[in-house]
Each structure stands twice: as structure tokens, then as C-alpha cells.
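Here is a walk through one structure, from single residues to strands, helices and cores. Keep the sequence and the coordinates open while reading.

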Amino acid sequence: MDLVVSTPPGSATHFWYPSSSPRFIFPSSAGPLKSSLRSLLSPWQQTLFGFRHAVGRTAIPSLRIDAGLVSVLAKYLEFGAIAVSYGTPGPHNKKTLLLMDHSDHGIAFAKIADRETTRRLLENEACWLQRFAAARREHFSVPRLVALTEFEGLLILIQSSLSGTRPPGHPDLPHAAFLKNLHDQCRRTLPWSETRACANIDQAFESCSGILSRAWADRYSRVKDVLRRELDRPLEVVPAHRDFVPWNAKLVDDELCVFDWEYAAEDYPSAHDVFHYILLPRVLLRAAIKSPDEILKATGRFLGKFGLAEIEKRSLRAQLLAYLLDVSGLYISSWERWKEDRVVECYANLLDQMLEI
């Protein structure tokens, strides 16, 4: 269903942005851009919005939010305005609503799933937020789960918003404190073949076997063999966020607050989230990556703050192989057909370099 409906100017409360290829719906009070709305826009989108508003090219309001949806949201919290992001196109795409108070401060986000794939992601996120709410936590902040509800075939997850600033691009003490507390939620020792990480990798690659190139099928098989050999003894595994990056976190008084728990899972190698935080932003920003050793050294230095056991340090290279395969499988399994993708191509190159050693 449509979240918004066209309406005569006199009763309109929202407008498309940008009007040429709409990805956002903003309330008519949005310009100049309110600070709470910045959480929906990248820095360059914020600059463009400010320019368009300054020269009078912001679209005229011609929309309103579906009244039934507003009524459902109002059952759980009081808000004054709603902004909508249509997200990045793809099979995991979800529309996200920013709910603001009467002073246009963000108070909550509502994610909306309209198909089975995205429903599973929101259900998983709700489970993790419920789990954290019941756990004893220090130096560990996550959104509060407000509600998980249904509306006309849609699953809606409402969670509190987190204020703060974006953390630095390199992990530091707040990241170490956060990850240590996350890992302490459930540490255990398992053979690699019995971990959730191993099962997720196998499931992802089996589900996309029909579109895998011969090179990727061979790469997957070879990495599996290496992991089976190098992780043949029990490995300490911990909960992993699996999308731990600067844009999914806020820094508040030197404490890291982390959101977007859709991909979180138990029983992952302890370095998994650190690899992701260090590597993925560099790949997306097209920064040069000389070799896997560069990532291993940066991760090893950071993990020293955890006081890892020697067995974990010895398995760091194998953990990087597992991480690269896990993220690649997550991407590829979401495709309907093979395509070019910077992350998958870069991770394939790193895997190949490691397999040559």
C-alpha cells in the first residue's frame, strides 16, 4: 500500500524530495532543514536540500500521510510530524518513518516491511532489542523497542531514536567498550562447523548457487576447506551486529550507541564486527587497500584492547576469511541475477590474495 496519498494543496501536509526522483517525503515545515531530518540525509543531500530551499526550489506540499497509518502509530506514542525515507532500492529495502515531536525533534523511527524477506529482518531486530532490554548493560546503548505491530499486511517496528554525533571512522575506546559488553552477552566455545556463522555462510551460498559464477563457486569451496582445517579446534564465538559501521552508531558522552540490529546473530568469531567497521567504509569510499595484512594489522591492534586469548590471535587470519565470505554471501544471496558490485568485487580480490598464501 502507499504510505502517502495525493491531496489538494489546501489540505496537503507533505512534499516529495527531490521532486525529479523522489526518495523522501518531508513535512511542509521541513525547510530550512530541521536537525532531526538530517538523520535521513547524507551530507551531500543535506547541502543540496539547503541550496534548493535557499533558491526557492523546494517542492510545494501536495501529499498527506495515510490516516490509518497515522492512527496506528499514534497508539504507541505522541508525535507532531512524520518524515519518510524510501531507502535504497533492493530486496532488503524498507521504508523508514522519522517521528518528530511538536518541536520537530526526532523521537522514534518506524521501519516498515512489506515482504517476507524484510519481515524476517525486522522480527530479528525486535528480538535483539527485547533481549537487550532485559539484560544488564553497562557502556552499552541501543534503541528502545516501542512496538512491533501490523497494519494492512505491513509489519512495523517502532523504536526510539538515538541522539548524538557520528563516531570516528576508526574504532577507539568507546567501540571497544561497546563490543566487550556485546560479547559478554553470550560467550561460548564451539567447533567452527557448529557455529551460526558457518551455517549462515552455507545457507547464503546454497540459496544463490543458481547465479554463482564459476570463480565464486570455486572460491567458496576453497575458503570452506581452509576454514575447516584452520578452525578445527574449538573457537570462542560471540554475538555479532553484522552491520557495525559509523553510520549505524552515535557517540554520546564517549559512549557508543548502536542501532540497526536486523542482521545480528549469535556465535560469530570475535573479530567479525571489527573487520566490518574498518573495511566496509573504506571499500565504499574507494580508499586504497593494499592487502589483507593491512586489515589484519589494524584489527589486531584494536583487539588488543580486549585482551584476547592466544588461540583467538592465532585464528585472526581465518576469522578474516570467514568474515569476507559471510558478507559476500549476504550480498550475493539478495540478488535475483548476477551483477557488478564494488563490495563483492573487492572482497573477492581480498579472498583470492589470502588463498594464494
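The model is a predicted one, in which local features need pLDDT of at least 70, side-chain atom pairs count only at pLDDT 80 or more, and totals for chains, interfaces and linings use all residues. Residues are numbered from 1 along each chain as its sequence is written, and side-chain values use heavy atoms, with hydrogens and water left out.

Asp253 sits in the loop between β12 (249–252) and β13 (255–258); strands (E, at least two residues) and helices (H or I, at least four) are DSSP runs numbered from the N terminus. Its phi is positive, about 50 degrees, although Asp253 is not a glycine. Asp254 lies in the loop between β12 and β13 and also has a positive phi, near 65 degrees. With a relative accessible area of 65%, Asp254 is exposed.

Leaving aside neighbours within four places in sequence, Phe26 is in contact (heavy atoms within 4.5 Å) with residues including Phe15, Tyr17, Leu37, Phe49 and Ala83. Tyr17 is joined to Pro18 by a cis peptide bond with omega of about -20 degrees, and Pro18 is placed in the loop between β2 (14–17) and β3.

How many residues of strand β6 (residues 95–100) are buried? The count is 6 of the 6, so β6 is largely enclosed by the rest of the structure. In a regular strand the side chains alternate between the two faces of the sheet. In β6, Lys95, Leu97 and Leu99 point one way, while Thr96, Leu98 and Met100 point the other way, and all are buried.

Elsewhere there is an open sheet of 3 strands, ordered β10-β11-β14 with antiparallel pairing. β10 (188–190) and β14 (265–269) stand at its edges with a single partner strand each, so one side of each is left without a neighbour in the sheet. On average, neighbouring strands of this sheet are turned by 50 degrees against each other, direction ignored; axes are lines fitted to C-alpha atoms, for helices over the stretch in contact, and angles run from 0 to 180 degrees between N-to-C directions. Strand β11 (residues 235–240) is joined to β10 by 3 bridges, and Thr189 stands opposite Glu236 in β11.

Now to the helices. Two packed helices are described by the angle between their axes and the distance between the axes. For α10 and helix α11 (residues 342–356), the angle is about 150 degrees and the axes are 10 Å apart. That makes the two roughly antiparallel, since angles over 145 degrees count as roughly antiparallel, under 35 as roughly parallel, 65 to 115 as roughly perpendicular and the rest as oblique. The contact includes Tyr323, Leu324, Val327 and Ser328 of α10 and Tyr347 of α11. Helix α7 (residues 272–284) and helix α8 (residues 292–303) have axes that come within 9 Å and cross at roughly 140 degrees; α7 and α8 are therefore oblique to each other.

Tyr347 also touches His276, Leu279, Leu280 and Val283, among others. Together with Trp261, Tyr347 has the most contacts inside the largest nonpolar core, which has 76 residues; such a core is a set of buried Ala, Val, Leu, Ile, Met, Phe, Trp, Tyr and Cys residues joined through side-chain atoms within 4.5 Å. Helix α10 (residues 316–332) supplies the largest share of this core, 10 residues. Apart from it lies another core, of 23 residues, among them Ala110, Ile112, Val146 and Leu154.

Conventions
Buried < 20%, exposed > 50% of the residue type's maximum accessible area, 1.4 Å probe, protein only. Pairing = 2+ DSSP bridges.
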